[in-house]
Structures are given as C-alpha cells and as structure tokens.
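Dear colleague,

I am handing over the structure below, and my notes on it follow. Please read them with the coordinates open beside you.

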Amino acid sequence: MLRLEGVHAYYGRIHALKGVSLEVREGHICCLIGANGAGKSTTLMTISGITPIASGTVTYQGQPIHRVSPEEIVRRGIVQVPEGRRIFPNLTVQENLMLGAYLQRDKAEKLSALERSFSMFPILRERRRQPGGTLSGGEQQMLAIARALMGTPRLLLLDEPSLGLAPLIVERIMGIIRQIRDERGATILLVEQNAQAALDLSDYGYVIETGEVVLEDSARRLLEDPRVREAYLG
C-alpha cells in the first residue's frame, strides 16, 4: 500500500532522513521504533507531505505522492495523528471531531462518521459538550484518534500514541489501535518509543537510528532479536 524508497530529508542543515526505505502492506499494522531524534516523526511528516523530501520517492497505492500537497494526501486516504495529540483545547469534543471531517461535504456522512466515533469511544459521547482541554491525557488521545477516523482513512499514521500515558491506559490505546485495523479495515503505520508495546501489536517492524533504517523483520522476530532486546527492551 505504501512504499518509501531512498528518502532523504533535511531540517535546515540537519540531515534528518538518510535514505529511508520501508513498506507498509495493506491490512497490516507496521511499527517504526527507535530512540528520540532517530527520525521517526520526520518519516511520518514526509509521508504526510509536511516535510519536503530532498530525494527518493513515496508511493501510495502505486502512485507517487511525494510532490502532492498535504490536503490532497488526506483526500487520498492518509491521515496522521500527531505526537502530543494537538487537539483544540477550547473547542468541545464534538467540535474537535467535526474538524476531522472537514473534507467531507455531505452532512449526513459527517453525522454517520460522528456516530461511528461515539460507538468506538463511548467516553467521548459522554464528554461531547466538554472542552477538549478538560479531558484526561488518555481521553485526549482517544479524541485525537477519533478525530482522524472522522476522515475515514485507509492508512492511519500514529505518532507516539502512548506518550505520557499510564501503563493501563497505554494497554487500552493499543487495544483500540488493533480494533481500528480489525473492525475498520484501516492499515496502520505506528511510530513508538515504547518498543515492547509497538512490537506486541504489530505484524512487521522497522528500527531506525540517526535517520537510517538499520533493521527490519516480522514483529515477532524483532522481539526475539538480541540487538533489539538490548537496545530497546531492557
């Protein structure tokens, strides 16, 4: 479904991605793990069209998208949940959700998507009239994911969904991600520092270090790899 080949990207003079190549197969959960500053978020930003690539290609469903605008990338079915959630704290839960459907012109379809979100996240139905900023960290993460789902993505990019959350909430969020794949049919690319949680959830994984993919394999095999265990699993 998605393929990156030899992608290089810069932040100013900083060479953030150094020939990144990876593939996400349709219907799979694929994870990208690595330390802080390794290039995980930059990889997602290049896929979303926010960070321009210096060279290489990003292909989605057989079509190059690395010169396509971020808005058009969303139209084609790729939606990102950013690191830190970035909800609008002064808007209500429902207003936050409706912003996720901004490309959808049909009012009935918007309402249908809203109902699907409330069905998957009942707590958001209860909090629908509350400002987003009054939610707990875990509830805000659910809101960020639900807002992305309002755009009915075929490929969901998740950037550090467990960041700052208690272990029990992390377990719940990971269960929701699996549910999105199993019930919504979405393909998922998951970026995580929590390597154990990411690999437990995923079908396939990549390890990135200082802007380069240094290891890839099935998630099960990466969990057993002594290099991964020593560097990321403790």
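Which residues of the largest nonpolar core touch the most other members? Before the answer, please note that this is a predicted model, in which local features need pLDDT of at least 70 and side-chain atom pairs count only at pLDDT 80 or more, while totals for chains, interfaces and linings use all residues. Residues are numbered from 1 along each chain as its sequence is written, and side-chain values use heavy atoms, with hydrogens and water left out.

Among the 49 residues of that core, the ones that touch the most other members are Phe 121, Leu 124, Ile 177, Ile 180 and Leu 190; a nonpolar core here is a set of buried (under 20% relative accessible area, 1.4 Å probe, protein chains only) Ala, Val, Leu, Ile, Met, Phe, Trp, Tyr and Cys residues joined through side-chain atoms within 4.5 Å. The most is given to this core by helix α6 (residues 137-149), with 7 residues, helices being DSSP runs (H or I, at least four residues) and strands likewise (E, at least two), numbered from the N terminus. Leaving aside neighbours within four places in sequence, Phe 121 is in contact (heavy atoms within 4.5 Å) with Met 142, Ile 145, Ala 146, Leu 149 and Ile 176. Another core, of 27 residues, lies apart from it and includes Cys 30, Ile 47, Tyr 60 and Leu 157.

Asp 159, which lies in strand β7 (residues 155-159), counts as buried because its relative accessibility is 3%. Not counting residues up to four places away in sequence, Asp 159 touches Ser 41, Leu 44, Gln 80, Val 81, Pro 82, Glu 83 and Val 191.

With best regards

Terms used:
Buried means under 20% relative accessible area, exposed over 50%, partly exposed in between (1.4 Å probe, protein chains only).
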